Amino acid sequence: MMKKILFLAVALFIGISSMAQEWPSRLPSLDEMNKINDSICQEALMLYRYELAGWNSSDLFFENCKNQNRASGSITLLDGDTLRVVYFDKNAMEALYDYRISITSGESTTNDTVRPMDDKETSHLQRIMVLMDKIMTEDIKIANVPKDVASFNHDIIRINDSITRVYFIMGALQPRMIPFGNDFSVDFNNANEVVAKRSYHHSFCPITWEEGKPPVSITHSHTHDNPYMSPTDVCTFLLYGVPYGLKSFMVYSTAFQCYYLYEVSGSIIVVAATDEVLSGQPKKKKRLFGRNK
């Protein structure tokens, strides 16, 4: 089972509700939908890279770091195209283990030389602590989940020059599970003020199966206030579905009354009318959405 150190615990009694979000009052055009879905895929892939870096680095850390008993947590930073996961001793403000992976090449390195944390690392850690304290006072709904079933992972990602997004997604603690749901994010500006927050689902809705009997297809639905497939949906599927050989999954939008189909090949989201997706036989006269080839 993959392990991931959190530099502070996330309390499961965070309050619950999300800021009202404004969605289109009309059905978006095909081009609009494609742009939105492409943006979701890009965001999901970055979230996936952060999660995977945490998984891989923690395995190596526990296997190889001679000073792991000193660790009080880890931070993840993006330097150019390199993701760094630094495990540290908060009391001594020292880095104990440094994992680095190139986003473009996939090559990774590790360094277990104990050293003082640099200015960028200490500044990042201090900001994270401020953001996490503010999140704990927000009113964000989550569901109670048994401690042996799943737990929260969080990732702090700069979206652009002015917005930093803190994601919370479920991490499965049992095999043969895709832990959809119970996920949310909070956006901060450069002054560390909350500017947006969103709950992607209103419950924990995991997909499970018996050993040796993986599902042929996977589908779950979104409530009216979340009309798109979410980056957390895609990331969770990549982490927990793809290793079992699954190639795609669907989300039904009750707001737009259509299915989104995510395909691992090409990492794209296709939008189609219900009968098209389920039958696999597009009906040109009734086609609502799709993707320009």
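This is a predicted model: local features need pLDDT of at least 70, side-chain atom pairs count only at pLDDT 80 or more; totals for chains, interfaces and linings use all residues.
User: What makes a stretch count among the helices and strands of the protein?
Analyst: Helices are DSSP runs of H or I with at least four residues, strands are runs of E with at least two, and both are numbered from the N terminus. The protein has 4 helices and 15 strands.

User: Why are β6 and β7 called paired?
Analyst: Two strands pair if DSSP finds at least two bridges between them. β6 and β7 (residues 164-172) have 9 bridges, in the antiparallel sense, and therefore meet that definition. Within this pairing, Ala150 stands opposite Ala172 in β7.

User: Why do β6 and β10 stand at the edges of the sheet?
Analyst: The open sheet has 4 strands in the order β6-β7-β9-β10, with antiparallel pairing. β6 (150-158) and β10 (194-199) each have a single partner strand, so one side of each lacks a neighbour in the sheet.

User: What does it mean that 47% of the residues count as buried?
Analyst: Buried means under 20% relative accessible area, exposed over 50%, and partly exposed in between, with a 1.4 Å probe and protein chains only. Of the 293 residues of the protein, 47% fall in the buried class.

Key
Residues are numbered from 1 along each chain as its sequence is written. Side-chain values use heavy atoms; hydrogens and water are left out.
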